[in-house]
Every structure is written in C-alpha cells, then in structure tokens.
Amino acid sequence: MNRLVARRPEGEDGMALVMVLATMLIASTFAFSSLAYALNTQSFSRKNQDFHSALAAAQAGIDDYIGYLNRNDNYARLPDDCTNVALRGPRTVANSCGWNSVTVPGWKPVDSGNPSGPQFHYDVNPGQLDSRGVIEVKSTGKVGTTTRTLEVGVGRGGSTQFLYYTDHEDADPDNEFVYPGGMPTRCKEYWWNGRRTNGSGCVEITFIGGDVLDGAVHTNDTPLFTTYGGKKPKFLQGLETSDPKCKAAVAGTPSTYGNCDRTGNGGDYGSSWPTYSDPKYLPDNSDQFRTYPGCHYKGATRIKFNATGQMQVWSKKTTPGTAACGGSNPNGVLVNVPNDQVIYVEADTSVGEHQCLSGEIGDGLPLGTYTGNNATDYTYDLNMTQNTQFCGKGNLYVEGVLKGRTTIAASNSITVTGDLVLQGGLGGPDMLGIVAANSVEVMHPWIDSWYCSDYKKGTCRVAWAFKGTPSEDNSWPKRYVDVDRGSVFPTNGVQIAGSIQTLQHSFFVQSYNKGSNQGSLYVRGSIAQSWRGIVGTGSGTTGYFKDYGYDKRLRYAAPPYFPQWTNAVWAANYTGEISPQYR
C-alpha cells in the first residue's frame, strides 16, 4: 500500500530550532531579571531593616543609662564606671579607667545572648545637671555597618513640670490670722484620709470662680472649689489630685469629676478633666544653695534687676568674699547678674534679730520712719513687725527686669516688691527661679502711725498709741514694662515671670485681707508650695485674683540649680536624632 508523505518547503529547514532557542532566551532573560530584582530588593530590605534596628538600638542605650540613674541617683556624678562597656571611649582628661584620646569606643549588645547583634554606645555630659537639671546623653546604635545617634536630655523632674503644685490645701501654719492659737496638729493630715471634718479647726484655701490656671495642676491633697459670680474656677490643662476617690473620674463624663474636689461640684475644666496621681514631694534643701556658684549675701538684702544684665544690690551686712558680688556692705552697687548661677541670701548671725529700722534694708526699705522706741512718733509697715521679716534673718526683697538665667534663693523668705519681668519675654533665653526655705510674699504695705502722749528724756513713759487709722500704700508693688506688650501688664495688678518654690511654707500676699482689691496676680512660670498661701479674700474685695499661666519652656529646662522631686524617677525630657557619632 502506497503512503503519500508531504515534503517540507525548501528554505524552512532549522526554523523550528531557532524559534525554540529564541523562546528559551526570552524566558531566561525574564528569569535573570527577576532574580536580579529579587537580589536587589533583598539588599534594600536588609539595609532598611538595619537602618530601623540601629535607631532601636540607640534607644536601648538611652534606656540602659536611665536604668543606671534610677538605681543610683548619683551615677552621673561618679567617676567613669569602668565596668560599663557602653561608656568606654576617647577621653581627653585623666580618669580612673585609663581611657585616653585613642581609646576605642565600647559597644554593648542589646541582647547579651547575641553579642553579634544590635549594639549601642553612649557618651554622657553631666555638665548641666546642676545648672539646668539635665544630663545630655548621646547614644549611638549599630547594626552591621549602619549607625544612628539619638541626643536626649535626661532629668528627674520637679515642680516646674506643673503650673501649680501644693502638698497641703490648708492655710499655712504660720498664718496667725487664720490660726491665732496655732494650727491644730491634725491639720497636717490630708483631707482625703477621713480623719478630718469641716469643724476640725483646719482652714482649707479655696479656688474661686474668677481664678484661671492655664497649665497642669497637682495637689497631694483634696482641693476645695467655690462658685463666685456664677463661675467656677478654671483649670484649662486639667488637675491632678492624690485623693484616691479621684480614680473614679472618667474622661468625658463631667458627672464623675466631683470625685476630685472636696465639695463635689467640679471645676470648669473646658476640654480637659481631673485625674488621680500618686503624691509628689518637694525637698527641703535650701542650705545646698550655699554651696552653689553665684552671688552670696548675708542678712536683709535688696535687689533690683535691670534690662542690661545687671542688678543693683543693697546688702549692708555682707562682708567681702569670693562669692559676694559687690564687695563689702554693698549699698546700691551695680553688679552683673550671675548667669546660669544663683543669688543666695542667708541669715546674718552676727546681729540679733530685730524689727528692721528705717533704711536698714536699703533703697528706702523698710517703709516708714521707725528707728526704734526712742522717738516721739513714727510710721512703719505692719508687715515688717512679723518675726519672719526681722533683720538678721536671710530675707531678700526683689523686683525689676531680668536679663539672664538665674535662681534667687533665701534661707528665710523672699518678698516680691514689684514686677519681675524678663527682658527677652517668655519666648527669649531669660529664666528666673525663686526659691525660699520659708515663704515667697507679694508686698502689700499696710502703714501704721504711732505716737507717745508722754515722752520725756528719750523714753516714752506710757504705752504707745495709734496716731491714726492704718492704710495701704498703693504705690507698691512697683511696676515695670512687659517687653512682650510694650506696657505694664496686667494694667491693674502685678506680674511675676518665674518659677516659684517655697520649701517649707507658702506663696502669699502680705495683708491680703486688708485694703482694696489689687487686681490680678499674673504669674507666668510655675508655683510650688508646701502649704496654700492666701492671695485674696473669697469675695474678691481684697487682695488679688489669680491669673496663672505655665511657661512652656519649663518642659525642657529648669532655672539654674532648681530643686527636683525627692521621689521622682529619671526620664527623657526631650529627644532628637543627630548625625551618627560613630560609623
């Protein structure tokens, strides 16, 4: 049987082989391209992973150093810890570890079980720990050949974290007007402990309608609120209390906010709310200021700051010394403000404590003509008859325009005799701390006149008697232009731009219950006190209304040598990434 077979056309021999080879080439190209892409992607992913892991390692270094601080508050002040490999590195000064300028940086593994994994090294500068309360830490994380560095300010925190802080909500034990027979011992307990009642003899100070606090507020006690003029006191940034009942407050549910104040009425919180917080405690370390660098004075001292970066000083009992700015017995001397240092006034033990005589402080203070009980008549400021104001104690009288960063401190009390404003305003570099072991007072002169009806041979033979009705001197406190506004502010009142801290007592207005309403007590900074000081009567007829606002710069830095909490932990105040310190 014959079979017909088709012939391939001439010229097409080998075409199929070419097509097969071409197809294989194209497929191979795609395969190699995919492989190359995969390899490149893997390399990019590896670098990206190392980049992020290096930052995490740098943060681990910060956490590691903070851990050392929380185990030992003085860790930053100790010599180099030779056992801490993360600290090992180049040194230009002698040290116990023998590290020098060519010492190779040490790297500490994030995971001690994986020494070849992510690592960190940190460099520490505690130079601003005393002056600004901050330790500068630069931590570098390393993964493979990738490094990243974080710069962090580490601090322990203090009252400057809050606009307003109080330990007790009661009137100061030294307030003889509210405690003529002395404060009952039970008043030293917190209101929330259940051991006290309204009839206990303890006088709790009230936040009243018209008070405005624009900043975080903390009290270890239970606050008391009073509605006035149809208004409640305003807490624009919330309120913390250590009253356990406040744990029942629920954010966004105003009906629960009454758990956080003693009357149960709640305050005006705006968009914020009250919360519970553990107690925080102030130190009583006023004596430490004696060891800090700056200007040191003795006895009653008068200071007026001016906008040139200088201050005029009267301190008639101060003797020459390396820390006494202005020489022996300065009497109106101009000296430079000790920048990033302190101005400290301590008691003068060489003289007996006595009511200050006319002109004894300086610059016309104290007011009046009192020169002792050997005159036919005289005038004086009744506030100066208080034992806490006696000459011989460590008291400071201050006002003016500050240019620079300084903390004024006194072993007894500080009296604000006029506005304390900052030359650069609240947005500038100037910063003021005000620390008193006893109290910080706002001057409100209450002038009295006396005469002797039977005076002979330099002696009054009968009891002294009033010559007239006491009256306030409204020319005090003195006023200074607020540079942010170009005029005095507030128009009616007094301004204090600074961080106030009273270590044993309170911040209050002298003779707050006498005379007329003084306007607004305008504070921009922070206030911390052991006891509540009174700045005006509840009806607002005398003294001041509160107008307190927080200086936001205090979130990152404190005034020089400002006290910190006694029970706080170390933490990062600020953080940011900088160029890698090591590669």
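**Close-up 1. Cys-187 and Cys-202, a buried pair.** Cys-187 is buried, with 0% relative accessible area (buried means under 20% relative accessible area, using a 1.4 Å probe and protein chains only). A disulfide, meaning a pair of cysteine sulfur atoms within 2.5 Å, joins Cys-187 to Cys-202, with 2.1 Å from S to S. This link is left-handed, with -95° about the S-S bond. Both cysteines sit in the loop between strand E5 (164–166) and strand E6 (206–208), 15 residues apart, and the pair links distant parts of the chain. Strands (E, at least two residues) are DSSP runs, numbered from the N terminus.

**About the model.** This is a predicted model, in which local features need pLDDT of at least 70 and side-chain atom pairs count only at pLDDT 80 or more, while totals for chains, interfaces and linings use all residues. Residues are numbered from 1 along each chain as its sequence is written, and side-chain values use heavy atoms, leaving out hydrogens and water.

**Close-up 2. The disulfide of Cys-246 and Cys-260.** Here the sulfur atoms lie 1.9 Å apart. The torsion about the S-S bond is about 85°, so this disulfide is right-handed. Cys-246 and Cys-260 both belong to the loop between strand E11 (239–241) and strand E12 (274–276), 14 residues apart. Both cysteines are buried.

**Close-up 3. The disulfide of Cys-295 and Cys-325.** The S to S distance is 2.0 Å. Because the torsion about the S-S bond is about -90°, the disulfide is left-handed. Cys-295 lies in strand E13 (residues 294–298), and Cys-325 in the loop between strand E15 (310–314) and strand E16 (331–336), 30 residues apart. Cys-295 is buried at 1% relative accessibility.

Methods:
Helices (H or I, at least four residues) and strands (E, at least two) are DSSP runs, numbered from the N terminus. Buried means under 20% relative accessible area, exposed over 50%, partly exposed in between (1.4 Å probe, protein chains only).
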